[in-house]
Amino acid sequence: VLVGGDPGIGKSRLTTEFARDVYDNGATVLFGRCYEENVVPYQPFVEAVEQYLRHGDPAEVRADLVRSGTLLARLVPDIGMRFPDLPEPIRAEPDTERYLMFEAVDALLGGIAKRAPLLLVLDDLHWADRPTLALLSHLARQIDAAPLGVLGTYRTSEVVGDHPLRGIIADLRHDGVAEDIALGGLSEGEVGELIDSSDIEPRPGFVHSVRRATAGNPFFVQEICSHVGETGATAGAFTLEALGVPEGVKEVIGRRIARLPE
């Protein structure tokens, strides 16, 4: 499942709440994130496997590594440091090695999922490099009967034109192995609930103004509520012209504008 939307729309919060819910019901949750400048290839998968290495039962981790293949050590160098007695990864042609490594990741996640349902969360896929997207595509098509779910988030404003994630999403949907969910802004009633939770009286005029100014973006709504509190203004006297745009909103919009051509 892929969840898309604008910055601040609630993608990460929604997936975090869902992950907490399934964890509380007995599932294993592994998490990885992409970055604007990824340090290593396959960054989110490296983070997820490292998380399992740190928090998994040592005996089970070792058994999973032996079963899934030592090529995982090429993906996650920390494996060789923690388990120095494991056999050396096999050598093969680059394309063959990559395929075997993908199969090893699939075997590892499948093995974990057979003990307890597994949710793999991959955040900010709009920054994923091509190797990461290739591994994601492979996993989506290889998931077997084990209760394993992959949940990814991405910014729709970043995935435009010939962005590689756009093609991956289209292919996975066409093959019936992925669902794409687009998050939109909150309704006026929902904006009122969010304002009320910020200890500001949700007067109808104020709620309407905030909804119109933010298009229901939860981050923008919360930033405006914080701005109102910091300036000491009353909700009844709210106007963006009078209060100015909050700094957090300026930063988000500024980063998006900076990516535009002249």
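Which residues of helix α9 are buried? In this predicted model, the buried residues of α9, which spans residues 188-197, are V191, G192, L194 and I195.

**Helix α9**
- The buried residues V191, G192, L194 and I195 lie on the same side of α9, because the arc they cover around the axis is only 165°.
- E193 and S197 are exposed on the other side of α9.
- After α9 comes D199, which has a positive phi, near 65°.

**The sheet**
- Five strands form an open sheet with parallel pairing, in the order β2-β3-β4-β1-β5.
- Its edge strands are β2 (residues 28-33) and β5 (residues 180-182), each of which pairs on one side only.
- On average, neighbouring strands of this sheet are turned by 20° against each other, with direction ignored.
- Edge strand β2 runs parallel to β3, which covers residues 118-123, and six bridges join the two.
- L30 has L120 of β3 standing opposite.

**The surface patch**
- I90, Y99 and L100 make a nonpolar surface patch of about 280 Å².
- Y99, one of the patch residues, has its place in helix α6, which spans residues 94-115.
- Y99 counts as partly exposed because its relative accessible area is 47%, a value between the cut-offs of under 20% for buried and over 50% for exposed.

Key. Residues are numbered from 1 along each chain as its sequence is written. This is a predicted model: local features need pLDDT of at least 70, side-chain atom pairs count only at pLDDT 80 or more; totals for chains, interfaces and linings use all residues. Side-chain values use heavy atoms; hydrogens and water are left out. Patches are made of residues with over 30% relative accessible area and no salt bridge: like charges are joined within 9 Å, nonpolar side chains (Val, Leu, Ile, Met, Phe, Trp, Tyr) within 5 Å. Accessible areas come from the Shrake-Rupley method with a 1.4 Å probe; for residues, only the protein chains shown count as cover. A salt bridge is a side-chain nitrogen of Lys or Arg within 4 Å of a carboxyl oxygen of Asp or Glu. Helices (H or I, at least four residues) and strands (E, at least two) are DSSP runs, numbered from the N terminus. Buried means under 20% relative accessible area, exposed over 50%, partly exposed in between (1.4 Å probe, protein chains only). The arc is that of the directions from the helix axis to the C-beta atoms. Two strands pair if DSSP finds at least two bridges between them. Axes are lines fitted to C-alpha atoms, for helices over the stretch in contact, and angles run from 0 to 180 degrees between N-to-C directions.
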